[in-house]
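Have the structure open as you read.

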Amino acid sequence: MPGRLAIFDDSSFKEESKELIKNDMVGILQKRYNIPPTTPIPALLNNGNYLYTHFGFLPSWATSKSSMNINARSESIYEKKTFREAFRFKRCIIPINGFYEWQIEDKEKTPFFVKDVNNDYLGVAGIWDEYFEEQLNMNIVTLALITCDANDKLGEIHHRMPVVLEKKDFSTWLKSDDLKEVNSLFKIYESSKLELYEVSSDVNKVLFDKPSCI
């Protein structure tokens, strides 16, 4: 379930998605190497806005932040009231440079960094909504990453992984009204396309955010 992300270079994503980005509200990316939930992360919404969003999904009708979800399971996303409408009408792509998972053996947790073998980023499928934040007295865009079963390589560490979209499917994911077609994009990313390696336990510290994380 990735609950910790790295997003430090979105240049390739912007170039490959330039026909889909109508309004770039991110500008120069703030480099982050150890992103926990509730932190702002960039995402391309299906309305063409590329902007910072709240990492943690809250539907517009939520009455408190206690119902926040950072992930939505692809297998049941259309069955869940929390996610159903967003899956139909409010999809997005999150360009992450990688994510962390922890291998647990004899109560010891060893962090690993997971990235694409050949590309600068992973285009992760997500859903979004607008939630009224009382403290800010404004609507904020919130999102969740969509997950599926892990591939064989990652499965040795964790049983879930994000749904990674192929570049050729970006437009379909954002624009298609055919839910059967959209659902067909929920594929397990091939083991050969992912690289993972052990990293320093410094990433266990939420406030530690330096390039050495990766």
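## Ground rules

This is a predicted model, where local features need pLDDT of at least 70, side-chain atom pairs count only at pLDDT 80 or more, and totals for chains, interfaces and linings use all residues. Numbering runs from 1 along each chain as its sequence is written, and side-chain values use heavy atoms, with hydrogens and water left out.

## Arg-160

Arg-160 sits in strand S12, residues 160–162 (strands are DSSP E runs of at least two residues, helices H or I runs of at least four, numbered from the N terminus). Its relative accessibility is 3%, so Arg-160 counts as buried (under 20% relative accessible area, with exposed over 50% and partly exposed in between; 1.4 Å probe, protein chains only).

## Aromatic pairs

The structure holds 12 aromatic pairs (Phe, Tyr or Trp rings, using the six-membered ring of Trp, with centres within 6.5 Å; planes under 30 degrees apart are stacked, over 60 edge-to-face, the rest tilted). Phe-87 and Trp-173 have ring centres 6.4 Å apart and planes at 45°, so they make a tilted pair. Phe-87 is in helix H2 and Trp-173 in helix H4, so the pair ties together parts 86 residues apart in sequence. Phe-87 is buried at 2%, and Trp-173 is buried at 0%.

Ring pairs also link Phe-13, Tyr-50, Tyr-121 and Phe-170 into a cluster.

## Lysines over rings

The charged end of Lys-81 sits over the ring of Trp-61, 4.8 Å from the centre (NZ of Lys or CZ of Arg within 6 Å of the ring centre and within 35 degrees of the ring normal). Lys-90 lies over the face of Trp-128, 5.2 Å from the ring centre.
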